[in-house]
Amino acid sequence: MRIANLAGRLVLVSDDRAVDVHEASGHRFPSDPQAVYERWDEFRDWARHADPNGGRPFTPADLGAPAPSPRQLLAVGLNYREHADEAGYTAPEGMPPVFTKFTGSITGPVTEVVLPEGGRTDWEVELVVVIGRPARRVAEADAWDHVAGLTVGQDLSERVLQMSGPAPQFGLAKSYPGFSPMGPVLVTPDEFDDPDALELICTVNGEQVQRGSTRQLIFSVPALIAKLSGILPLFPGDVLYTGTPSGVGLGRTPQRWLRPGDEVVSTVCGIGELRQTMTGRTA
Ligand code: ZN
């Protein structure tokens, strides 16, 4: 099953057409895309039997984030060995670095992003997990049962603020407006042959800068859910950025930062793509 947020309303997506869930369910489910995760099992059962006909075509520019207002937006750093190397860190053992991206930075899949003045803004394509059941002390073997679905994320990062001061500022430096685009759709785990082996690609102006597979994650999706839910509760609708593979601008020689006019396309195969155009600050 694929769902999306079309102009603020929850839709089922099939064959590039969108069915409005509130209407098609006879008002059983609310139109708010974030609210559906509170009743995920019930919704999934209904959607299995829903009539996919009568959908209407849509354009990706009208999509919002599939989980636009989560209670928690957690993100994982250094979760690919080659990326830890390029960033100058040793690979984590036991527990990866975890930080928050503040929810005001969330947007849909096709956007313009204003580059922070005086900053060095970098790209990070990531697989993003949305939680579908309350998760507390979940075993790895049960972790996928607590996932509503997967989507594409771009963890835009301003490296000057991130690295300045006595301790790194991951949360703030990755939370400028528009720095957490997600979408275009949320895909349930059963749609994949192997949800633990998804290919990720990032291009800048058509040039491939990142390519990896979630098979290379140091902490897999089930391992992350087990570890995180052992410390704090994960709520339905919570969002988890799972880390980026190598190839970010920070790790290049010479280093490379995004400039006004640059277009970043972030893809997870089997899900879809994000398209962000960078702009300078407007008056
Ligand atoms: Zn990241």
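Author: Let's begin with the word cavity: on a 1 Å grid over the protein atoms alone, it is a set of points where a 1.4 Å probe fits but cannot get out, while a pocket is an open set with protein on both sides within 12 Å along at least five of seven lines. Lining residues have an atom within 4 Å of a point. The model is predicted, so local features need pLDDT of at least 70 and side-chain atom pairs 80 or more, whereas totals for chains, interfaces and linings use all residues. Residues are numbered from 1 along each chain as its sequence is written, and side-chain values use heavy atoms, without hydrogens and water.

Searching the whole structure turns up one cavity of 30 Å³ or more (volume is the space filled by probe spheres on grid points joined across faces, edges and corners). The largest cavity has a volume of about 130 Å³. It is lined by 18 residues, and those closest to its centre are Leu78, His83, Glu124, Gln162 and Phe170. Helix H5, residues 159–163, supplies three residues, the largest share of this lining (helices are DSSP runs of H or I, at least four residues; strands are E, at least two). By class, the cavity lining has eight nonpolar, five polar and five charged residues (Asp, Glu, Lys and Arg are charged; Ala, Val, Leu, Ile, Met, Phe, Trp, Tyr, Cys and Pro nonpolar; the others polar).

Together with Glu126 and Asp155, Glu124 coordinates the zinc ion, at 1.9 to 2.1 Å (donors are N, O and S atoms within 2.8 Å, or 3.2 Å for Na, K and Ca). Along the sequence, these donor residues follow the spacing E-x1-E-x28-D. Glu124 counts as buried because its relative accessibility is 5%, and Glu126 is buried too, at 1% (buried is under 20%, exposed over 50%, partly exposed in between, with a 1.4 Å probe and protein chains only).

Now turn to the largest pocket, with a volume of about 300 Å³. Of its 16 lining residues, Asp16, Phe58, Pro60, Pro184 and Val185 are closest to the centre. Strands E2 (9–14), E14 (180–187) and E19 (272–279) each give two or more residues to this lining, and E19 gives the most, with three. Nine of the pocket's lining residues are nonpolar, two polar and five charged.
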